[in-house]
Amino acid sequence: MEVATGKSILNGIAIGKLRIYRKAAAASETAAALSPEAEWERFETARVQAQEQLAALYEKALEEVGEENAAIFEIHQMMLEDEDYLDAVKGILETQNATAEYAVIATGENFSAMFAAMDDAYMQARAVDVKDISQRVGNILSGRAEDSLLGDDPVILVADDLTPSETVQLDKSKLLGFITRHGSSNSHTAILARTMNIPALIGVDFDDSWDGRFAVVDGYNHCVYIDPAADLLATMEEKQKNDFKREALLQTLKKKPNVTLDGREIKVYANIGNAGDIGLVLQNDAGGIGLFRSEFLYLESQDFPTEDEQFAVYKRVVETMAGKKVIIRTLDIGADKQAAYFRLDPEENPALGYRAIRICLTRKEVFKQQLRAILRASVYGTVSVMFPMIISVREVRDAKELLEECRRELVEQGYAVGQVEVGIMIETPAAVMIADELAEEVEFFSLGTNDLTQYTLAIDRQNPKLDNFYDPHHPAILRMIRQTVEAGHRHGCWVGICGELGADQTLTETFLRMGLDELSVSPSAVLPLRKKIRSLDLSKEPEA
Ligand code: PEP
Ligand code: MG
């Protein structure tokens with residue numbers, strides 16, 4: 001038996017086979033190759049295989065979505081025959097003694113940058129395609145399964161790192177748990193694991209021999225046992241069974257109010273990343289959706305999702321929630337959440353950079369497409385719209401003006417449009433300091449404590465080295481939360497928390513005493529939080 005340790009991001013047990021996810025070599029990596037001729041041959045073999053995959057994809061798409069949509073796979077096939085592209089790969093092999101993986105990924109990145117810089121819109125659009133085909137060949141070369149990180153049977157996925165866009169595309173029914181070498185506890189990948197209720201460890205050192213071996217992820221003890229001894233396996237199975245029993249017991253709290261012993265009520269909502277999470281929301285009996293991270297819809301797509309595509313997703317969520325509140329947070333892309341087709345420039349300080357509302361207010365065509373989709377979906381239930389990363393009254397006014405513009409245009413075009421409540425995230429110190437003014441503009445505040453902690457403590461939430469310094473219990477954060485609640489209430493706004501801190505049961509009593517109106521947490525945290533709320537008595541003096 002082998003044991004490796006890491007940092008747990010969800011207490012739970014996962015038992016099953018490990019599967020290593022190997023990404024194709026990144027362009028920044030250098031590697032020694034056999035010989036340019038041998039690497040060219042490997043590249044050629046992989047290229048032929050990629051062409052076969054693309055031909056099959058074309059046929060499948062032709063049948064399922066028609067010629068126009070299938071055409072992209074023909075373009076990809078043609079790009080893989082382009083002489084300039086092939087010469088560039090060969091050039092890197094010959095001059096740098098590189099591996100075929102390195103040469104093809106580097107060529108993809110170079111060509112992508114070149115296309116992105118062109119004036120012609122058609123050529124600009126090819127920037128994503130050339131990266132895509134290069135990744136496809138790279139994946140074949142490095143033996144990664146085509147089009148899926150997972151196989152047919154459920155596995156514990158092991159990877160150097162997973163980006164938010166990779167995580168959101170994982171088929172949850174095939175995923176027992178995951179283990180990564182890198183990543184921080186406050187990253188979006190960690191948040192997604194919690195939303196999916198999947199035991200996960202980060203900061204684990206692993207090697208290739210792990211692939212295919214049987215293992216147990218023990219989230220309680222921050223470790224993974226590979227080829228566990230029979231008695232340990234039996235203990236872990238027992239522990240897992242107890243977890244399932246506890247979860248079943250929590251189900252008895254369904255339909256019970258979130259009310260303290262002395263009668264104080266608070267709303268408990270759930271956070272979701274995509275429409276697929278709705279099942280978990282209903283299963284855990286959340287009172288609504290307090291944060292729909294709509295950017296994951298963009299991260300799952302190869303290109304900007306159209307208004308109609310977004311409308312279909314929002315409508316499905318809103319309809320399924322059957323009148324319960326659905327708070328759609330508008331596009332919060334940028335920083336760690338990157339989609340290639342946005343073509344965002346690399347930045348020195350991405351967390352402080354061009355992201356979220358800053359992108360939306362400068363790329364209005366993108367923002368308006370989303371606002372129109374939200375307004376159209378609002379006809380089918382109770383929808384709120386929430387703007388992220390706000391630092392000024394002007395931003396809120398500009399965003400609201402665009403929302404109104406979209407409403408007017410939709411009505412003129414004959415669409416039905418419902419009423420939407422408007423709110424903002426309070427996740428910057430600036431927003432806390434001007435909360436009184438901001439409250440005049442909106443109907444609710446939702447505290448994004450993940451970013452509020454990052455910006456207040458000046459700590460990059462993505463940096464695993466700083467995990468021990470990232471302290472959301474810092475008095476500065478707790479005072480800011482109190483200040484925000486008081487300012488909101490002074491102006492008739494309701495105030496909630498949708499950051500991870502909302503699920504921290506050591507603070508539930510504090511939050512209730514502060515007067516918070518809502519807590520929005522990952523779906524699996526809803527019932528445990530309900531249990532906690534129902535055990536509190538605020539008429540008693542708080543414990544010192
Ligand atoms: C937050 O910052 O607390 C938040 C809820 O948003 P995200 O984690 O998506 O940045
Ligand atoms: Mg945030």
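Biologist: Which residues does phenylalanine 43 touch, not counting residues up to four places away in sequence?

Modeller: This is a predicted model, where local features need pLDDT of at least 70, side-chain atom pairs count only at pLDDT 80 or more, and totals for chains, interfaces and linings use all residues. Residues are numbered from 1 along each chain as written, and side-chain values use heavy atoms, without hydrogens or water. Contact means heavy atoms within 4.5 Å. By that rule phenylalanine 43 touches Leu86, Val89, Ala100, Val104, Val137 and Leu141.

Biologist: Is phenylalanine 43 buried or exposed?

Modeller: Buried means under 20% relative accessible area, exposed over 50%, partly exposed in between (1.4 Å probe, protein chains only). Phenylalanine 43 has a relative accessible area of 0%, so the residue is buried.

Biologist: Glutamate 39 forms a salt bridge with which residue?

Modeller: A salt bridge needs a side-chain nitrogen of Lys or Arg within 4 Å of a carboxyl oxygen of Asp or Glu. Glutamate 39 is buried at 2% relative accessibility. The closest N and O atoms are 2.8 Å apart, and the partner is arginine 42.

Biologist: How many residues apart are aspartate 467 and lysine 7?

Modeller: Their side chains meet in a salt bridge, 3.0 Å from N to O. The pair links distant parts of the chain, 460 residues apart.

Biologist: What relative accessibility does glutamate 441 have?

Modeller: Glutamate 441 forms a salt bridge with lysine 400, with the closest N and O atoms 3.2 Å apart. Lysine 400 is partly exposed at 24%. Glutamate 441 counts as buried, because its relative accessibility is 16%.

Conventions
Chains are lettered from A and ligands numbered from 1 in the order in which they are written. Helices (H or I, at least four residues) and strands (E, at least two) are DSSP runs, numbered from the N terminus.
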